Amino acid sequence: MQTTHSQAHSPKWLILVVTLTLLATALFGTSQRAYAAAAVPSPQSALLKDGGGDDGGGDDHGDDIKVYARVVSRPDGTNIGSWTIGDKNYTVNEQTIISTLHGPLTINGCVEVEVAPSAPTLAKELGSEEDSKCSTLPGD
């Protein structure tokens with residue numbers, strides 16, 4: 001049986017594409033920016049958004065509400081659980097997208113919380129923000 005040129009080089013081509021994809025993800029991928037909330041979150045637990053309509057589930061977030069405030073309290077040793085941000089309580093679960101682009105999520109740190117109008121206490125996204133987005137420290 002005679003092997004054609006494209007059949008003979010397909011495995012090498014596939015290996016090259018996979019290698020380049022992994023390298024590009026390691027260097028430039030979203031894994032450093034957003035990942036799913038976990039006991040101790042890591043960039044390796046990346047969560048990709050699903051792309052659908054405005055149903056409140058991983059979409060373009062067109063009708064979502066964004067709140068900028070400082071963290072008053074948060075769960076110890078995990079991101080999952082109840083957070084007090086500004087003067088409101090929010091729930092962070094396994095589907096919440098966490099971003100530490102502007103630093104770790106710490107007490108008194110400035111964060112952005114994104115919620116759906118239909119579930120105003122369930123954080124869809126929670127991310128660190130620049131201090132300039134939050135005016136004062138709690139109690140000031």
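Predicted model: local features only at pLDDT ≥ 70, side-chain atom pairs only at ≥ 80, totals over all residues.
**View 1. Strand 3 pairs with strand 2 and with strand 4.** Strands are DSSP runs of E, at least two residues, numbered from the N terminus, and two of them pair if DSSP finds at least two bridges between them. Strand 3 (residues 81–85) meets strand 2 (residues 65–73) in the antiparallel sense over two bridges, with Ile85 as the bridge partner of Val71. Strand 4 (residues 88–92) is also antiparallel to strand 3, over five bridges. Two residues lie between strands 3 and 4 in their hairpin, where Gly86 takes a positive phi near 65°.

**View 2. Val111 and its surroundings.** Beyond its neighbours within four places in sequence, Val111 is in contact (heavy atoms within 4.5 Å) with residues including Val67, Val71, Ile85, Leu105, Leu126 and Cys134.

**View 3. A disulfide joins Cys110 to Cys134.** The S to S distance is 2.1 Å, and a disulfide is a pair of cysteine sulfur atoms within 2.5 Å; by this rule the count comes to one. Cys110 sits in strand 6 and Cys134 in the segment after strand 7, 24 residues apart. The link is right-handed, with 75° about the S-S bond.

Technical notes. Residues numbered from 1 in each chain as written. Heavy atoms only, no water. Helix = DSSP H or I, 4+ residues; strand = E, 2+ residues; numbered from the N terminus.
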